[in-house]
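Q: Hey, I'm new to this one. Can you walk me through it once it's on screen?

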Amino acid sequence: LGLSIHPKHSWIATRGEDNHIQILDYSDKNLKIIKKWKAKQWVDTCLWVDDHLVFSSGKNLYIFKSSSQNPDLIETWN
């Protein structure tokens, strides 16, 4: 449904209606999944901030840090 390209690295973040968000590396001309996570709700938007990916899913805001395998919840809106 959407993607975001990292400004410095050969990384792409993809999001879809299947509630998945993936970070892929395309540095060797073959897409390789670095991280993959399934949200409970549709992943709406994503944005790279340094080497971290910030994204929203439902009423939650997450950050996918480059050092972790699962995103951390930042904020929840009522």
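This is a predicted model: local features need pLDDT of at least 70, side-chain atom pairs count only at pLDDT 80 or more; totals for chains, interfaces and linings use all residues.

Q: Let's start with H20: buried or exposed?
A: H20 is buried, with a relative accessible area of 19%. Buried means under 20% relative accessible area, exposed means over 50%, and partly exposed is in between, using a 1.4 Å probe and protein chains only.

Q: OK, back to H20. Which residues is H20 in contact with?
A: Leaving aside neighbours within four places in sequence, H20 is in contact with T14, R15, K36, W37, K38 and V43. Contact means heavy atoms within 4.5 Å.

Q: And which strand does H20 lie in?
A: H20 lies in strand β3. Strands are DSSP runs of E with at least two residues, numbered from the N terminus.

Q: How many residues of β3 are buried?
A: Six of its six, so β3 is mostly covered.

Q: Which way do they point from β3?
A: H20, Q22 and L24 point one way, while I21, I23 and D25 point the other way. In general, side chains in a regular strand alternate between the two faces of the sheet.

Q: New topic: what's the strand order in the sheet?
A: It's an open sheet of four strands in the order β1-β2-β3-β4, with antiparallel pairing. The edge strands are β1 (2-5) and β4 (32-38), and each pairs on one side only. Two strands pair if DSSP finds at least two bridges between them.

Q: How many bridges are there between β2 and β3?
A: Strand β2 (residues 11-15) and strand β3 (residues 20-25) pair over five bridges, in the antiparallel sense. Across that pair, R15 stands opposite I21, and A13 stands opposite I23.

Q: What about β3 and β4?
A: Six bridges join β3 to β4, and the two run antiparallel. I21 stands opposite W37 in β4.

Q: Last one: which residues take a positive phi in the hairpins?
A: In the hairpin of β2 and β3, with four residues between the strands, N19 has a positive phi near 70°. In the hairpin of β3 and β4, with six residues between the strands, K29 takes a positive phi near 70°.

Technical notes:
Residues are numbered from 1 along each chain as its sequence is written. Side-chain values use heavy atoms; hydrogens and water are left out.
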